[in-house]
Amino acid sequence: MITSLLAATDLDRTLVHSARAAGPQVAGPVLGLERVRGVVTAQLTRRCAARLGELDRRALWLPATTRSVAEYRRLDLEGRLGVAPPFVVCAGGGVLLTGGELDGDWSAVVRDRLAGVAPIGEVADVLVRHLARLDVAGPVRDADGCFLVVRVRWPAGWLEELAAECDVRGWRVVAHGEKVHVLPAALTKGAAVEEVRRRTGARRVVAAGDSPLDADMLEAADAGIQPVDGRLHTAGRGFAHVAVTTTTGLAAGEEIAAWLLAQTEV
Ligand SMILES: [Mg+2]
């Protein structure tokens, strides 16, 4: 497959938003993608969905999400958006889906890249020990065996102490609000995006993302965009080649989709 433009995008809080992250009311219909216990956890506007459909026709759209494979499949992009991206990066780069199926070659590459770091079970024990100090038992969720996620309110210093113990094991800690990700330092979305670029021979890569877990993917892209209210931007992380939206929430999702579409004409 020869596609000149590869558009790698995060999903949550970049193109799809939970009810809580939806921001100001937008004009036009909204398409729900996921509900958890009756609460909308992923939605986008119809206009945004239409733009992504157009993007998928004009370029190689590569969703690159922190979601596990099961969480990604729950969005049912094919059923709801009529779009079946040929490649999807899940679990923060730990899993590549090709044609909707697990790509064993990439899994082997990831295993090699992570050969020198502590196994997930050992790091889970470290995390559980630190959680016990807060009287929190979890639940600690593991994303396809690639990394750990927990929701917790932590006191000053807790995160740093956890990070220090993870660091010596080759793992890093990235916190978004109360969501704490503990992942191998060598596990990145950017590496998986680069693999897809290599396989497809794409000449130009553009990227969109909101969080510190998207930073390496944005940094490596030829151009990119991040939401003005994203964790990365509010933490003061910017890149000369990465634009910033003027809108927030669902409207920013539309703005990002429009920006990506405009890149197909560059
Ligand atoms: Mg995100």
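**Labels and cut-offs**

Modeller: Start with Gln226: its relative accessibility is 0%, so Gln226 counts as buried. Buried means under 20% relative accessible area, exposed over 50%, and partly exposed in between (1.4 Å probe, protein chains only). This is a predicted model, where local features need pLDDT of at least 70 and side-chain atom pairs count only at pLDDT 80 or more, while totals for chains, interfaces and linings use all residues. Residues are numbered from 1 along each chain as its sequence is written, and side-chain values use heavy atoms, with hydrogens and water left out.

Colleague: What does the side chain of Gln226 reach?

Modeller: Gln226 sits in strand β13 (residues 223-226), and its side chain reaches the backbone nitrogen of His233 at 3.2 Å. A polar atom of that side chain also lies 3.0 Å from the backbone oxygen of Arg237. Strands are DSSP runs of E, at least two residues, and helices are runs of H or I, at least four, numbered from the N terminus.

Colleague: Why is Asp135 called exposed?

Modeller: Asp135 has a relative accessible area of 75%, so it is exposed. Asp135 lies in the loop between α5 (120-132) and β8 (141-143), and its phi is near 65 degrees, a positive value in a residue other than glycine.

Colleague: And Ala91, buried or exposed?

Modeller: Buried, because Ala91 has 0% relative accessibility. Ala91 is in the loop between β5 (87-90) and β6 (95-98), with phi near 50 degrees, also positive in a non-glycine residue.

How values were computed. Polar contact = N/O pair within 3.5 Å; in protein donor to acceptor, adjacent residues only side chain to side chain.
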